[in-house]
Amino acid sequence: GVMGGFMQPQGHLQVLCAMADYGLDPQAALDQPRFCIQGVDSALGPESVENAELLLEEGVPPEVQQELARMGHRCVEVSSWSRLVFGKGQIICRDPNTGIYVGGTEPRADGAVLAW
């Protein structure tokens, strides 16, 4: 799973979609650039969406960022250590046909996938 407060459900969905929709293995799914909708507060109601920012991790192509901005999103590119806002995740999956385990670990933090 992906840890990270408000980013947690967003990160889970992004990583799961990368694996289920695009057939990526756990490591490739975790390596993908992420996005985060920041500034939405459910306690304030739907009006809080008007001030939200769309954080885009470095690696999101410039033409994608430009298209999102053209659509009205307030985009902010996030790089370097600030990328920790996108959470941290580790995944272990077991292939139901072979019984083989495959894992992935977050490139945004220290970690390793080890077998014994």
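The largest pocket in this predicted model has a volume of about 350 Å³. Fifteen residues line this pocket, and the closest to its centre are Gln14, Cys17, Ala18, Pro33 and Phe35. The second largest pocket has a volume of about 200 Å³.

**The largest pocket**

- Helix H1, which spans residues 7–20, gives the largest share of the lining of the largest pocket, with six residues.
- By residue type, the lining of the largest pocket consists of eleven nonpolar residues, three polar ones and one charged one.

**The second largest pocket**

- The lining of the second largest pocket includes Gln90, Ile91 and Ile92, together with Tyr101, Val102, Gly103 and Gly104.
- Also among the lining residues of the second largest pocket are Ala112, Val113, Leu114, Ala115 and Trp116.
- Strand E5 (88–94) and strand E6 (101–105) each supply at least two residues of this lining.
- The largest share, four residues, comes from E6.
- The lining of the second largest pocket has nine nonpolar residues and three polar ones, with no charged residue.

**The three-stranded sheet**

- Three strands form an open sheet in the order E2-E3-E4, and their pairing is mixed.
- Strand E2 (35–38) and E4 stand at the edges with a single partner strand each, so one side of each has no neighbour in the sheet.
- From one strand to the next, the twist averages 25°.
- E3 and E4 run parallel to each other and pair over four bridges.
- In this region Leu55 is placed opposite Val76 in E4.
- In general, the strands of a sheet are held in pairs by backbone hydrogen bonds, and the pairing may be parallel or antiparallel.

- E5 and E6 pair in the antiparallel sense, over five bridges.
- Gln90 stands opposite Thr105 in E6.
- Six residues lie between E5 and E6 in this hairpin.
- Gly99, in the turn, has a positive phi of about 80°.
- These strands also take part in the second largest pocket, where E5 and E6 each supply at least two lining residues.

**Salt bridges**

- The count of salt bridges comes to seven.
- One of them joins the side chains of Glu53 and Arg74, at 3.5 Å from N to O.
- This pair links distant parts of the chain, with Glu53 in strand E3 (residues 53–57) and Arg74 in the loop between helix H3 (62–70) and strand E4 (75–78), 21 residues apart.
- Glu53 is partly exposed, because its relative accessible area of 29% falls between the limits of 20% and 50%.
- Arg74 is also partly exposed, at 43% relative accessibility.
- Another salt bridge connects the side chains of Glu57 and Arg83, again at 3.5 Å from N to O.
- Glu57 is in strand E3 and Arg83 is in the loop between E4 and E5, so this pair ties together parts that are 26 residues apart in sequence.
- Both Glu57 and Arg83 are buried.
- Glu57 forms a salt bridge with Arg108 as well, and here the closest N and O atoms are 2.8 Å apart.
- Arg108 lies in the segment after E6 and Glu57 in strand E3, so the pair ties together parts that are 51 residues apart in sequence.
- Arg108 is buried, as is Glu57.
- A network of salt bridges links Arg34, Glu57, Glu58, Arg83, Glu106 and Arg108.

- Phe86 is found in the loop between E4 and E5.
- Is Phe86 buried or exposed?
- Phe86 is buried, because its relative accessible area is 0% and buried means under 20%.
- Phe86 and Leu55 are 31 residues apart along the chain, and their C-alpha atoms are separated by 8.8 Å.
- Leu55 is the residue that stands opposite Val76 in E4.

Technical notes. Residues numbered from 1 in each chain as written. Predicted model: local features only at pLDDT ≥ 70, side-chain atom pairs only at ≥ 80, totals over all residues. Heavy atoms only, no water. 1 Å grid on protein atoms, 1.4 Å probe; cavity = no way out; pocket = protein on both sides within 12 Å on 5 of 7 lines; lining within 4 Å. Points joined across faces, edges and corners; volume = space filled by probe spheres on them. Nonpolar A, V, L, I, M, F, W, Y, C, P; charged D, E, K, R; others polar. Salt bridge = Lys/Arg side-chain N within 4 Å of Asp/Glu carboxyl O. Buried < 20%, exposed > 50% of the residue type's maximum accessible area, 1.4 Å probe, protein only. Pairing = 2+ DSSP bridges. Axes fitted to C-alpha atoms, helices over the stretch in contact; angles between N-to-C directions.
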